[in-house]
Amino acid sequence: MAVILFALFLTALAVSAYLWLSARRENASRVWALMALFAALFALAELGVEYVPASFSAVSSIVEIASMAGLLAAALWLYRGERREMRNALIAESSRERLSESLQRVGAAVTASLDLPIVLDAICRETCRLFDADVAVVWLLEGGGETLRPFSAQGVSAEEILQQRIPLADAMSVTARATRERRPVFINDLQHSSEGVPLLKQVTGAQAIMALPIVKDSETLGALVIVDSRHPQRFGQADAAIAELLGVQLAVAIHNARHFEEARRRAGQMSLLNEITRASLSAADFHAMLQTLSDRLGELLEADGCYITLWDDARQQTMPAAAYGELRDAYPSVWIEPGETTMTESVLRAGHALVAEDALGSPYISPRIAALFPARSLLGLPLIASGHKLGAALIGFNRPHHFEPEEIALGEQAAGLVALAVARAQLFDEIRHRAEMLTALHDILLDITVSRDLPSLLRTLVERAARLLGASSGGLYLSDPDRREVRCVVSFNTPRDFTGAVLKYGEGAAGTVAESGQPLVIDDYSQWAGRAGAFESDRPFRAVISVPMIWQGGVTGVFHVLHTVEGKRFSQADLDALTLFASQAAIAVENARLLDAEKDHIRELDSLLTASKALLSTLELEPLLNNVLTAAINAIPAAEKGTILLRDAATGQLQIRAVSGYTDSRVGTFAFAGNDGYSAKAMRERRPLLIADARADPEFCYNGDIPEVRRVLSAVVAPLTPVSSHAPQAIDLSQPIGVISLDAARRGAFAEADLRLLVAFANTAAVAIHHAQLHAEVQALAVTDSLTGIANRRAFDDALRIEVASAGRYNYPLSLLILDIDSFKVYNDAHGHPAGDERLKALAAMLSANVRDPDIAARYGGEEFALILPHTGKAGALAFAERLRGVAQTQAPGTRAVNGNPIPGHTVSIGVAAFPEDAQAPEALVVAADDAELTAKRLGKNRVCAAPSPSQ
């Protein structure tokens, strides 16, 4: 038995040592080693029972018990380990299934679409799901394989990441490393590492990152970057192996999508080439065709800009025509300096395509012109058809761009089609131009035979002339040989309305042509030495062509046709066409002038008849002024609004008395000083005025705060001077009584015929206005006391009757005061009657100053005055009367005479009566107030007494 136990001890000990030493990471092996050790200890304890002294039997028992406990614990531990291994196996199986599902979804996304952005978005989305990651970004090589650019991102804002670029040589970028070395690279403590993607670390707070290359066959396409923002120790070799499987599918997807995109791009190119061909065959409008060609050519080469120019071989000059891109609208107005180097000139001289990969430093284009454009790389394509140099097509990229031979070949192929289209369109345009010339001349012949008003005819002629030459705007000046000046009567589609502008002979293009009788062509008016000072600040147009209208050997006017766009020019053919047009137009203008003169005469007679009816309609001044102004505006159609101003007799200033057409109430409150504005000038110089441009003359320019007045640009003004053959001695002809002014919000609205009509109208109106003023004065004298200037007895009686009736109807109180100057006879005897008159006037002034607006003060008779107080009861009237008495007393040189009696001529006695309590009829109310005043006299004067009520 002892031998067996000893053998068991040695065996268990050997097994335990072997298992412990051979165990690495497997916890189960270490548990079996411990169990063997416990078995050895148990055997040793059993053996010790027989061979050790009895004193050690207790120790042996303890060892036996410990060994049994160790064996039991090891068995339990081994059981738990087996369960854990089983669970880990299940988890691994689930992970393999999830990986398989994710790879299947990726495969489905790859095969479902050939659109590269859709495929990349699906792969990024599935990558995040597969790795339970926060961010996934696909970076692809571009720029000749020197730069990595993100094409798709999941879990981060596209605006934040998709604009970034990483150089492939960047040593600190994990993305660049994975791409260069063509192997997976991962960093598990990114926050403490100098490597990584700085922007991803900033916007996502990345803790761990893994980048794996995207490789198809031997071609490296880019890298897939996976970011975990939660776990710093996240990625391992197993993750890299899984990611490599994903990378293979991603490479295949990108390869297929790129091939599909290339095929689609080639199909699009063929489609755009077909569109260029169709545009060249179908377009009727030359400039619209050029715009279509530039759009299609820019799309064909996927450029940021495409610029089509035309070439004027006679002048050796480049003319910008149409553009695709951000300069679409501004490009035709680009100005090319004479002799300046252009890409167009360079490619036409070379006869083949030229490349300027650095446009700012290219010898083919001047630095000034290159700086005007956003393009940093240019491809110049000559437009040449049948040996004729037509222009060029310039292909621009806003970032540095390397032009591949395939791009250049495609551009040359397209440029050949564009050149044929331009040549055909120019020929078609020339034929159409000739047809339009014949049509325009036919229309002018019709204008000569058809009756129409002169202003409409002139404007129609200018519009037709502009359309005839394909220009944007034009103008027409009529000549005045006596004054040796020309006046603009039509300003068609110009940046500013020049109607009414006057030029002297020899001044500007119109004045030069009027003086010489010869046509004039100006390529750039802003650089022309003979430009008019009136247009210097505007610089309103570029190219100008001017031809004279000649009638019976004299210049009757000047035709202008204008280009407002830089670079546009007029040809010899344009000059010949406009000269022929002007010769026919001169006939139509003279016929219309004769007809217009006859119409003006008839209109003048009709207007004077209308004016006479208006003047006879009333003698009241205000209605008469409104009638006169309305009739004048109706008589002169160009007038939009108007005013009548009369001279104030007291101040001598002009005051607006009638307004028509203005809506701002402040216009009616103007009070003009003697020298302000054109109305004052007409008044001062006693002559009519025709103002063609009020803003151009500082003497007439209004810069106040009333917008309506600032918008007035032209006017006709006539002084109102009354002339009477019946009573010339009664009228002062040395000074007009006022001015009538008609205004318009456009320059040159009025003609000489309008001024003549207004003068005739004003002469007739002045007499009627003067009569109305005299009538108003007579009416005022009939109801005004001539000495004191307040209402007289007649006016008092009428007013009291009206007020009593109104108070009775509307049931409101009314009071009457009768006031008498104390001892006025004594005052007259002591100081004389002139002093007494002055005292009466002073008292009347005191009453006028103290009464309210609805109250009425009147001279009742002699030294008696009366006050009518509507809406005032008896108590209020008594208080008011006491205040008046006190004011009158304070005007005396002393408050009392030596003997204590009221001072003669300064104190007053006042009687107060009220309606309806004291009387209900006007006459009875006067008697009641008069009796109260007599009572005040009897009681010692200088006091106020109230009429007793009938019940007292």
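Reply: Happy to, and a definition comes first: two strands pair if DSSP finds at least two bridges between them. Strands (E, at least two residues) and helices (H or I, at least four) are DSSP runs, numbered from the N terminus. This is a predicted model, in which local features need pLDDT of at least 70 and side-chain atom pairs count only at pLDDT 80 or more, while totals for chains, interfaces and linings use all residues. Residues are numbered from 1 along each chain as its sequence is written, and side-chain values use heavy atoms, with hydrogens and water left out.

Now to the sheet itself. It is open and has five strands, in the order β25-β26-β24-β27-β28, with mixed pairing. At the edges lie β25 (856-861) and β28 (944-946), each of which pairs on one side only. Direction ignored, neighbouring strands here are turned by 20 degrees against each other on average; the axes behind such angles are lines fitted to C-alpha atoms, for helices over the stretch in contact, and angles run from 0 to 180 degrees between N-to-C directions.

As a reminder, strands of a sheet pair through backbone hydrogen bonds, either parallel or antiparallel. Strands β24 (residues 814-821) and β27 (residues 908-915) pair in the antiparallel sense, over eight bridges. Within this pair, L817 of β24 stands opposite V912 in β27.

Helix α24 (residues 922-938) packs on this sheet and touches β24, β25, β26 (864-870), β27 and β28, where contact means heavy atoms within 4.5 Å. The direction of α24 makes about 150 degrees with that of β27.

Of its 952 residues, 47% count as buried, that is, under 20% relative accessible area, with exposed over 50% and partly exposed in between (1.4 Å probe, protein chains only). Among contacts in the chain with a separation of 6 or more, 61% come from residues 24 or more positions apart.

Helix α6 (residues 174-181) is mostly covered, with six of its eight residues buried: V174, T175, A176, R177, A178 and T179. Their cover includes β1 (135-142), β2 (147-154), β3 (166-167), β4 (185-187), β5 (208-216) and β6 (219-228). Just after α6, R182 takes a positive phi of about 55 degrees.
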